[in-house]
Amino acid sequence: MSSKTRIVVLHMKEVIYTAIFLLLGLLMIVLLLIMFGPSKNKETAASVQTTSALTGQYLPGVYSTAIELNDNTFDVQVTVDSNHINSIELVNLSESTAAMYPLMKPALEELASQIYEKQSLEDITYEDDNKYTSMLLLEAIKSALAKASVLQQ
């Protein structure tokens with residue numbers, strides 16, 4: 001077995017340049033992590049918002065859910081404060097859509113009055129005449145309230 005000895009010659013300039021580039025690379029990585037990493041200020045603000053929101057059931061605001069019926073789109077908009085459902089209304093409902101679905105507004109008004117009274121979606125009743133319209137509206141309201149829920153956040 002013959003083994004040939006290999007001699008590697010390194011010039012001091014090459015070693016120094018390599019070390020400098022490695023240090024610059026590490027410095028760049030650390031800088032990127034500091035700049036784009038999670039910030040303590042953001043975490044503190046989020047925890048303050050969560051703590052203040054935990055005192056209520058909802059995050060106050062206006063939440064909406066889109067409903068599409070035969071290429072006609074409109075929104076159910078729910079306004080809440082920390083503990084109450086304040087308003088439920090249809091927005092972006094065109095006249096032609098309202099004419100095509102005449103039970104939409106009365107069904108929403110009936111549902112909304114029950115929801116305002118109970119402040120819940122439990123035990124909501126509706127007539128058999130507008131059963132499917134009411135079910136569609138209730139699902140949209142549930143979706144909007146899920147967006148507003150503190151527990152969802």
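Two strands are taken as paired if DSSP finds at least two bridges between them, and strands themselves are DSSP runs of E with at least two residues, numbered from the N terminus. The model is predicted, so local features need pLDDT of at least 70 and side-chain atom pairs count only at pLDDT 80 or more, whereas totals for chains, interfaces and linings use all residues. Residues are numbered from 1 along each chain as its sequence is written, and side-chain values use heavy atoms, with hydrogens and water left out.

Strands β2 and β3 run antiparallel and are joined by 6 bridges. V78 has I88 in β3 as its bridge partner. An open sheet is formed by 3 strands in the order β1-β2-β3, with antiparallel pairing. Its edge strands, each pairing on one side only, are β1 (61-69) and β3 (85-91). On average, neighbouring strands of this sheet are turned by 20° against each other, direction ignored; axes are lines fitted to C-alpha atoms, for helices over the stretch in contact, and angles run from 0 to 180 degrees between N-to-C directions.

Two helices (DSSP runs of H or I, at least four residues) are described against these strands. Helix α4 (residues 104-118) packs on the sheet and touches β1, β2 and β3, contact meaning heavy atoms within 4.5 Å. The direction of α4 makes about 170° with that of β3. Helix α5 (residues 131-148) lies across β1, β2 and β3 and runs at about 145° to β1.

N72 belongs to strand β2 (residues 72-80). N72 counts as buried because its relative accessibility is 16%; buried means under 20% relative accessible area, with a 1.4 Å probe and protein chains only. Residues up to four places away in sequence not counted, N72 touches I67, T97, M100 and Y101.

Conventions:
Buried < 20%, exposed > 50% of the residue type's maximum accessible area, 1.4 Å probe, protein only.
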